[in-house]
Amino acid sequence: MKLGRGMRLPVIEAYGLVKSYGSTVALRGLNLVINEGEIYGLLGPNGAGKTTTLKILVSLLKPDRGHVRIMGIDLHRYRVEALRNVGYVPEDPYIFPNLVVREFLEFIGRLRGIPRDILKERIERYLSIFDLQEKERDLIKTLSRGMLQKLAVISAFLPRPRVLIMDEPMSNMDPEAQHVFKEEVRKLVRNGSTALISSHMLDMVERFCTRVGIINKGVLIAEGEVDELKRRALGGEDATLEEVFLAVVRGG
Amino acid sequence: MRRDILVAGILFKNYVGSFREQRKLLAFQIFVVVSQIPVVLSVFLSGGHGGAGILDVLERFGVDKYLIAALLSFFLSLLFWIPIIRGQSRIRIMSAAEYSFLLSQPIEVDEYVVGRAIFGGVLAPLVGAVILFIYLPLPVALLNLPLWRIPLLYAAFILLLLYATLLYYTGIVITHLAELVGRKRILRIVGALWLMLSVEVGVLTSSVPVFAQLLGAPVAYLIVGLMSRSFFPFFGLIALSSVFSVSLVLFILRRLSRGVSPEIVTLIGAGPHLRDKTGKVEEAGIVRFAEMVDMNRILTSKIFIDLKRYKIFAIYKYGVPLVATVSLLVRFLGDLVGLFGGSGDLYEFWEFMGPIFGIVIFITIAALMVGSVIDEMKCFWIYRSNGVNDNDIARIIFVKLLLVGMIAPLMTAAMMVLTLDPLVIAAAFVVVTFYVLLMIPVMGWTGVRWGTRVKVSPLSPVLYYTEEVQRDPALQFIMMLVMAVAGAFAGLQMLLFFLVISIPYLIFVVAGISVLLVVIGERILRALMRRVEMR
């Protein structure tokens, strides 16, 4: 694909996604395109379809209709190849309870084919910056929710993926860990990764994300840079993202 | 008391309400009745010889109905003393909704405690309804007792379970009260003394001392009386006193619970409960995944760590040889003192017991099998988002199910060593293996459905208690269906066992079909994996 100057390659492409659970329609033809180098914040009220979208993007759910491409690879036809580019943090991470922290991270590293020396070095570093060094020999089932969240985030960072898809990644994290998390995402993005973050933490999204999408009742109802959304929704840049969010969602 | 029953009613309605609304209960009951026909057939095909064999062997051991009733009384009494000896001063519940919602309502703690005890006592027979349904009429069929005993047995058994629950709760409440006044240690010493004296006097006098069986006696004698050919003397009085005992313990529990604090109730959440325990693993016990290159080895090692830390391999390593050794010892010592008489009786007895052992062991590990799949499925996101092939996931789940399931045939065969008959040992092993392989797709399917749909606590010993399953009628139905299918297959397995004993070369046929079942089972799991969605 030949791109014009300043244009970025689309990394996540989802077109016409439809997903129903019985009689409940979660997604109604959702279109989402996220470009290389973006930190994209996906917002929406409860039940809007955020988690469903993210799960479809990592192939944990199959859409009833529509298709997804990750780094240009068709997710449905070449799932394993497409997912090799992805690091994922689920909404409520459940991790093998009987492995110890180090075993789990080594396990992930080997699944991703990270060379042994690099893997050890990265594990040391992430355990250190997320303050989990003392827990490396602990069984995962004995960790607190915040620690589990950190571990899930580390497992997503470990292969240095081109695409990060994260559902409420900072929930249960302490402020120090939240800071470390944001710094690491920025670092990965500077090195060519792209991040998609679903969150209800609007202040964080406002300051952290480069572009924001608001989803409601299974469709994307607004999208753009935060300032642009403010202008469009409320006619001024003085408004907060919270005010924009409420205006967009309430206004349908 | 009205409010206690109200609490029990709310808990009960929360548990079965949605199920009833779906009108599946009736369909399920009909299904269970139909599915048990092979079991009933197999019992009658054995012509009651198995029952006679059991009685003959028991009599040679000097075991009569009085001793059985005394032992049952002792075990019932033990239920009261166990929380005291262990120092268990908390009622542990699994349902977060029950903990946070019900306890925040304007009800007294004593009303909750008694209501929950009643709920537990009523729920126990409900959860084990299929097992009760299958096994309770067996003594009636085996000992040619009148059929009117069956409904009485059901009623007595429900009374027994209610009484057992009440005794257990009373033990917890007493321990809690002792803790509040700083006398828990003394109470534990009293409990330990009771246990030591019971065992010591029992061994010295070759009987169960009265003080050891006092608490459980009325209900225990009622049950054993109903299962024997002749009743105990004053059986009417025993029946009355058993109802009186249940009422009395209920009253005592109510009075004692007035002094307890709300902290008596604790929620078993995966985190806080387990964090009390140390979670460190020794450096030497940590598996070095980083050193592994081959994907097969990485995934298989992961499964092996899981099973090792769930102590599954300890059963293979120590449990099976221990059971086989004990079986051998019993056989040789029995022969030495002429306990078994002619080997024909023993052979008959064990021939009958073989498949029953297999089924009982299988039922015991069934939750473990489903739990092991749930464990993997709850972590399915790790496999899939890291690009692991679905066939590889299916394979490791199959291996996990097989390794857990094979405990049943190995344990059964180890018990059959007592017969010293290679045919019985081999038949038990092959037939129970066949049964396990037959059940693997069912267990796999259940685990996959559960693990991907709901937030259940994996490897919970009684998965059915979990809040999410209670809320989901579809899952309740699945659970019931699995139990019914397991029961139906169990009946077929008993028939197959008798058939193999009569026509020995069938062992090879069954073994051959078993190999085929391995292939089919793995294929079914592969198909399941391809369709997995994590809701």
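Predicted model: local features only at pLDDT ≥ 70, side-chain atom pairs only at ≥ 80, totals over all residues.
**Overall form of chain A**

Chain A contains 9 helices and 10 strands. Its radius of gyration is 18 Å, close to the 18 Å that the globule rule gives for 252 residues, so chain A is as compact as a globular protein of that length. Along the principal axes, the C-alpha atoms of chain A occupy a box of roughly 50 × 45 × 40 Å. Of the 252 residues in chain A, 50% are buried. When contacts in chain A between residues at least 6 apart in sequence are considered, 67% of them link residues at least 24 apart.

Strands of a sheet pair through backbone hydrogen bonds, in either a parallel or an antiparallel manner. Val18(A) stands opposite Arg65(A), a residue of β4(A).

Strand β9 (residues 211–216) of chain A has 5 of its 6 residues buried, so it is largely enclosed by the rest of the structure.

| Strand pair | Sense | Bridges | Example of bridge partners |
|---|---|---|---|
| β3(A) (residues 39–43) and β9(A) | parallel | 4 bridges | Gly41(A) and Val212(A) |
| β9(A) and β10(A) (residues 219–224) | antiparallel | 5 bridges | Ile215(A) and Leu220(A) |

β9(A) and β10(A) form a hairpin with 2 residues between the strands, and in this hairpin Lys217(A) adopts a positive phi near 50°.

**Contact between the chains**

Chain A contributes 38 residues to the contact, and chain B contributes 34 residues. On the side of chain B that touches chain A, α15 (270–275), α16 (295–309) and α19 (380–385) of chain B each provide at least two residues. The largest share of that side, 5 residues, belongs to α16(B). By class, the residues on this side of chain B comprise 16 nonpolar, 6 polar and 12 charged.

In soluble globular proteins, nonpolar side chains tend to be buried together. The largest nonpolar core of this model has 155 residues, of which Ile95(A), Phe104(A), Ile165(A) and Val431(B) touch the most other members. Helix α22 (residues 422–453) of chain B gives the largest share of this core, 18 residues. Leaving aside residues up to four places away in sequence, Ile165(A) touches Leu54(A), Leu57(A), Val58(A), Val86(A), Tyr88(A) and Leu196(A).

Another core, of 57 residues, lies apart from the largest one, and its members include Ile93(B), Val113(B), Val219(B) and Ala239(B). Ile93(B) belongs to strand β1 (residues 91–93) of chain B. With 20 other C-beta atoms within 10 Å, Ile93(B) is buried. The C-alpha atom of Ile93(B) is separated by 24 Å from that of Thr446(B), and these two residues are 353 residues apart along the chain.

Notes: Residues numbered from 1 in each chain as written. Chains lettered and ligands numbered in written order. Rg over C-alpha atoms; globule rule 2.2 N^0.38 Å. Buried ≥ 20, exposed ≤ 12 C-beta atoms within 10 Å, placed from the backbone. Contact = placed C-beta atoms within 7 Å. Nonpolar A, V, L, I, M, F, W, Y, C, P; charged D, E, K, R; others polar. Pairing = 2+ DSSP bridges. Core = buried A, V, L, I, M, F, W, Y, C linked by C-beta atoms within 7 Å.
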